[in-house]
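Biologist: I have a model open and want to go through it with you. Can you take my questions as they come?

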Amino acid sequence: EVMEEYLKMRWSENIPPVGPVPTGDSAVAKMRLLCMAQMNASAVLRDFADLTEEDSDTLNVEMARTGCVGQSFSSNLAPKEATARLEGPAFLVYYGPAFLQNLGNDSPVKRLSVLAEIYRCARELWPASVAKAAINVTIRIDVVKALSIGDILDATLAGDVWLLVKHNESEAFIERSSKKKLNKMIAAGQRFQVLDHTNLSLYVPSPPRSRAGVGPASA
């Protein structure tokens, strides 16, 4: 309840204003993204609407998990999956705010898509369970926090892969790996997930929008 009121307060007091406090399945995700993105909040929230259903659903659910027994966000602010049946672990994406604040020339929707993929990979490594509702897991994205989307894709074009590697029961790290190193990790029984960035090709640049958000900006 305290976190929910804090998120509502941050939304209401944001400058520039971003409208009424949101409701619906995406409300908690949007309010958390506003806090994370800071000066890029308006752009990030604008592009949230352009996410694929898979990406938006992932962010809506994972960002609404509390990591606390018996505590959930209000049912009108988050998906039923995150409020009716409390499961965990919840994920803390360490350096997630820096990743959204270092937009540069990137499209915000592509950064959001990468964030959704990180959550999906984390959930594969830690399947949701009622028994883990009070557990929090840290996902370290240090190595990509300051990279552009182009930098991330260039690594793939060079033949490397991006992995989310489970180091222990409470921590996983994003790592860049060669195929040779990948084979060694498989042989050693290391647990990891390969990040799939093919979804990024689905996102094309949006046309300019007016400040009122009702159409293309005037020339």
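Biologist: What does L182 touch, not counting residues up to four places away in sequence?
Modeller: Four residues are on that list: V161, L163, S177 and F192. This is a predicted model, by the way.

Biologist: Which helix does L182 lie in?
Modeller: L182 belongs to α9, which covers residues 179-187.

Biologist: Is L182 buried or exposed?
Modeller: Buried. Its relative accessible area is 14%, and the cut-off for buried is under 20%, so L182 qualifies.

Biologist: And D160, how many Å from L182 in space?
Modeller: C-alpha to C-alpha, L182 and D160 are 9.2 Å apart. In sequence, 22 residues separate them.

Biologist: How does the lining split by class?
Modeller: There are 16 nonpolar residues in the lining of the largest pocket, with 4 polar and 4 charged.

Biologist: Now confidence. What does pLDDT average over the chain?
Modeller: The average is 92, and 93% of the residues score at least 70.

Biologist: Where does pLDDT stay under 50?
Modeller: Over residues 210-219. The model has 9 contacts for that stretch beyond four places in sequence.

Biologist: Why does low pLDDT matter when reading coordinates?
Modeller: Where pLDDT is low, predicted coordinates should not be read in detail.

How values were computed
Residues are numbered from 1 along each chain as its sequence is written. This is a predicted model: local features need pLDDT of at least 70, side-chain atom pairs count only at pLDDT 80 or more; totals for chains, interfaces and linings use all residues. Side-chain values use heavy atoms; hydrogens and water are left out. pLDDT is the predictor's confidence in each residue, from 0 to 100. Contact means heavy atoms within 4.5 Å. Helices (H or I, at least four residues) and strands (E, at least two) are DSSP runs, numbered from the N terminus. Buried means under 20% relative accessible area, exposed over 50%, partly exposed in between (1.4 Å probe, protein chains only). Ala, Val, Leu, Ile, Met, Phe, Trp, Tyr, Cys and Pro count as nonpolar, Asp, Glu, Lys and Arg as charged, and the others, Gly among them, as polar.
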